[in-house]
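Here is a briefing on one structure. Have the sequence and the 3D view open as you read.

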Amino acid sequence: MLTVATGNKAVATAVKHAKPAVVAAYPITPQTEIVEQIANFVETGEMEANYIPVESEHSSMAACIGASATGVRSFTATSSHGLVYMCEMLHWAAGARLPIVMANANRALGPGWNIWAEHSDSLSMRDTGWLQVYVGSVQEAYDATLMAFRIAEHEDVMLPVMINLDGFTLTHIMQPLETVDIGDFIPPCKIAHAIDTANPGGYGTLTPPTEHFKFRWDIERAMRDSVDVIRETEDEFARRFGRRYAPVEEYRCDDADVVVVAMGTLGKEAEVAADILRNEGIRAGSARLRWFRPFPAIDFGDKELVVIDRDYSFGYGGILARELQAAFGITPYSVIAGLGGQEVTYDDIAGFVRERKPGAEFWFGVSD
Amino acid sequence: MYEIRLHSRGGQGGVTAAKMIAHAAILDGKYATANPFYGAERRGAAVVSFIRIDDRPVRVYSQIRNPDLVIVLDATVMETVDVLQGIKPDGTVLVNSPHPVDMKGYPTSRVDLTAIALSIGLVLAGSPILNTPLLGACAKLGLISVESAREAIRETFNDERNVQAADQAYEELVK
């Protein structure tokens, strides 16, 4: 059905269709509309779920962990300070192999106080064992949320999934949204190690040095297996609903000499920049990285890369640029732009490409 | 792509107006987005919303710098904001005003949305509702169809006076 929705509404609608048994949440700008909408669905009987309003994000994740440990589907949403406040519990969720799904409205961390888009919040949770996907439209926010449940709960994965959408830029924009009848796209939630009162067991007990590393390796093995599960899920989604996704969304990359790599909405804006540059005779393309964990394998050949980071690792560099450099031995032109909602237009992105200096780092609005 | 920048004050319904215009365009079979700029504004502060309408999916998320159309829901914002900033050379203006307004030579339409809202009692918390009649004016300008304007209003508000106000604005717009 064709509707019109914000990114937040799209996520909430997908969650309604995925039918989680438990939603535990604490509101935070610019995510609040997601949990507000879900609370409304539950209140009006449109959705059957146990909605638990908690007193903090640490508790919302703890409640999802508790729910998931009993073997049911659970969901929460957060942003920025809320995400880092639940950091300890994020490790717990992945370590306990609980397929919780969470939406994160990407937002800068203070101080200075800022409520606008930045990827530093989720990227600082890079090593928690969560799968991370970054979306670029309202439609994709809906589609990726549906797929997240299927991927997380797959027996080869059993890891939590974080759907990231740019705060305000995507959470609050109004775009067309085609919703689907999901049928049996998401199979019933089955967690083999769920709490069973008939067969009591210990959870989170002391794990000695002789055992701990085995559980860590198991997380990594699942993370590697998730690559196939993601591909299979995206293929099945395309077969059923006609919209195709891949770990990297490539636009005019095939014959490109230079490719802009970005995540989220800047990756969509980069497509318009590529069109402009093509008209000037510069063979440009855009590669929008959707999955950040597991980190996708990409063959850029000998193309030059302009990487836009809406984040920064102080004392090191743009996180995406550095990861691409480490993974593929390339020397990108690293652009730091869009921090805290800084305006970045397709014209600006075209400018980054025209002025690129491989190996250099450019802070938009700061560097000359 | 047709780009509209809408100037209003917090509490006047500019954000909802932008959403309804985009919604109506989508109902017309086009692609559209509405992205208000959310700041720390409070009721009464000058705010701005952006609407893009195109025949293909809109991939742009940044603010509109060179609008085709500038809509001014509250003429007093012009005392502090240069609403014509960046307007395209062939751009046009739509102002909520009972009188003709000189917009530096840019073709300007006007309609008294405030009077329309007040005349049929469309008042919320002491403020006249300007966004639903605005859709009628947009339909008259050919941005959206009358049917889609009505449908977008009805999907947002369940008070038929909003549709009546839009119809009235459609009739009263002075080009």
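**Briefing: loops, sheet, core and domains**

Phe168(A) sits in the loop between β7 (161-166) and β8 (174-178) of chain A. Helices (H or I, at least four residues) and strands (E, at least two) are DSSP runs, numbered from the N terminus. This is a predicted model: local features need pLDDT of at least 70, side-chain atom pairs count only at pLDDT 80 or more, and totals for chains, interfaces and linings use all residues. Residues are numbered from 1 along each chain as its sequence is written, while chains are lettered from A and ligands numbered from 1 in the order in which they are written.

**Backbone exceptions**

- Phe168(A) has a positive phi near 60°, though the residue is not glycine.
- Is Phe168(A) buried or exposed? Phe168(A) is buried, because 25 other C-beta atoms lie within 10 Å.
- The cut-offs are these: a residue is buried if 20 or more other C-beta atoms lie within 10 Å of its own, exposed if 12 or fewer, and partly exposed in between, with C-beta atoms placed from the backbone.
- Ala125(B) also has a positive phi, near 50°, and is a residue other than glycine. Its place is the loop between β7 (123-124) and β8 (127-128) of chain B.
- Ala125(B) is exposed, because there are 7 other C-beta atoms within 10 Å.
- Thr29(A) and Pro30(A) are joined by a cis peptide bond, with omega about 0°. Pro30(A) is in the loop between β2 (22-25) and α2 (32-43) of chain A.
- A cis peptide bond also runs from Gly110(A) to Pro111(A), with omega near -10°. Pro111(A) belongs to the loop between β5 (101-106) and α6 (120-123) of chain A.

**An open sheet in chain A**

- Six strands make an open sheet with mixed pairing, ordered β9-β11-β10-β13-β14-β15 (chain A). The edges are β9 (248-251) and β15 (361-363) of chain A, each pairing on one side only.
- Two strands pair if DSSP finds at least two bridges between them.
- On average, neighbouring strands of this sheet are turned by 20° against each other, direction ignored.
- Helix α9 (residues 265-279) of chain A packs on the sheet and touches β9, β10 (258-262), β11 (284-289) and β13 (304-309) of chain A. The direction of α9 makes about 170° with that of β11(A).
- Helix α11 (residues 346-354) of chain A packs on the sheet too, touching β10, β11, β13, β14 and β15 of chain A. The direction of α11 makes about 130° with that of β10(A).
- Axes are lines fitted to C-alpha atoms, for helices over the stretch in contact, and angles run from 0 to 180 degrees between N-to-C directions.

**Strand β14 of chain A**

- β13(A) and β14(A) run parallel, joined by 4 bridges. Tyr333(A) in β14(A) is the bridge partner of Val306(A).
- β14 (residues 333-336) of chain A and β15(A) run parallel, joined by 3 bridges. Ile336(A) stands opposite Trp363(A) in β15(A).
- Which way do the residues of β14(A) point? Tyr333(A) and Val335(A) point one way, Ser334(A) and Ile336(A) the other, and all are buried.
- A right-handed β-α-β unit is made by β13(A), helix α10 (residues 319-328) of chain A and β14(A).
- From β14(A) the chain crosses through α11(A) to β15(A), a left-handed β-α-β crossover.
- Right-handed is defined so: with the strands pointing away from the viewer, the path from the first strand over the helix to the second runs clockwise.

- The largest nonpolar core has 172 residues, of which Val260(A), Ile21(B) and Leu135(B) touch the most other members. At least three residues come from each of domain 1 (2-177 + 206-241) and domain 2 (248-363) of chain A.
- Such a core is a set of buried Ala, Val, Leu, Ile, Met, Phe, Trp, Tyr and Cys residues joined through C-beta atoms within 7 Å.
- Domain bounds come from an automatic or database domain assignment. The centres of domain 1 and domain 2 of chain A, taken over C-alpha atoms, are 25 Å apart.
- In chain A, 27 residues of domain 1 are in contact (C-beta atoms, placed from the backbone, within 7 Å) with 20 residues of domain 2.
- α8(A) gives the most to the side of domain 1 of chain A that touches domain 2 of chain A, with 5 residues.

Technical notes. Two residues are in contact if their C-beta atoms, placed from the backbone, lie within 7 Å.
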